[in-house]
Amino acid sequence: MRNQKTAIQIIAGASKTPAYNPAAVRALMKRLDMNERALALLMNVTPTKVRMWITGAAQPCNLARRLMQIYEQCPEIIGCISE
């Protein structure tokens with residue numbers, strides 16, 4: 001049995017998605033070693049949308065924040081997407 005929490009267990013324990021301000025989005029990109037285009041592909045949005053998030057011109061929607069939370073807490077899940 002694994003001692004690590006699964007993404008679903010983490011989400012089930014979270015009542016609200018965290019706010020992802022520009023600094024948090026940039027920190028996530030750094031943690032995942034991604035540029036704007038790579039994060040856009042991962043999030044299924046345009047690079048322009050990611051740029052708006054990191055400049056503060058727009059805020060990520062609830063679904064985008066939840067996905068960012070999953071990627072932040074369980075970055076290994078990204079490897080499963082391409083399988």
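Of the contacts in this chain with a separation of 6 or more, 62% are between residues 24 or more positions apart, where contact means heavy atoms within 4.5 Å. Before going on, the conditions: this is a predicted model, local features need pLDDT of at least 70, side-chain atom pairs count only at pLDDT 80 or more, and totals for chains, interfaces and linings use all residues. Residues are numbered from 1 along each chain as its sequence is written, and side-chain values use heavy atoms, with hydrogens and water left out.

The overall picture, then. The chain has six helices and zero strands, and its pattern along the sequence reads α-α-α-α-α-α. Helices (H or I, at least four residues) and strands (E, at least two) are DSSP runs, numbered from the N terminus. Of the 83 residues, 30% are buried; buried is under 20% relative accessible area, exposed is over 50%, and partly exposed is in between, with a 1.4 Å probe and protein chains only. The chain exposes about 5,800 Å², and carbon and sulfur atoms supply 54% of that. Accessible areas come from the Shrake-Rupley method with a 1.4 Å probe, and for residues only the protein chains shown count as cover.

Next, a helix pair. How do the axes of helix 2 and helix 4 cross? The axes of helix 2, residues 22-32, and helix 4, residues 47-55, come within 6 Å and cross at roughly 125 degrees. That makes helix 2 oblique to helix 4. Axes here are lines fitted to C-alpha atoms, for helices over the stretch in contact, and angles run from 0 to 180 degrees between N-to-C directions. Angles under 35 degrees count as roughly parallel, over 145 as roughly antiparallel, 65 to 115 as roughly perpendicular, and the rest as oblique.

On the helix 2 side the residues are Pro22, Val25, Arg26 and Met29, and they meet Val50, Trp53, Ile54 and Thr55 of helix 4. By class, this contact has six nonpolar, one polar and one charged residues. Nonpolar covers Ala, Val, Leu, Ile, Met, Phe, Trp, Tyr, Cys and Pro; charged covers Asp, Glu, Lys and Arg; the others, Gly among them, are polar. Thr55 is exposed, at a relative accessible area of 57%. Thr55 and Pro22 are 33 residues apart in sequence, and their C-alpha atoms are 6.0 Å apart.

Now the loops. Pro18 sits in the loop between helix 1 (7-13) and helix 2 and is partly exposed at 31% relative accessibility. Leaving aside neighbours within four places in sequence, Pro18 is in contact with Arg65 and Gln69. Pro18 and Gln69 are 51 residues apart in sequence and 7.3 Å apart from C-alpha to C-alpha.

Two loop residues have a positive phi without being glycine. Asp33, in the loop between helix 2 and helix 3 (36-43), has a phi of about 55 degrees and is exposed at 71% relative accessibility. Asn44, in the loop between helix 3 and helix 4, has a phi of about 60 degrees and is exposed, with a relative accessible area of 71%.

Last, the cysteines. Cys74 is buried at 4% relative accessibility, whereas Cys80 is partly exposed at 47%.
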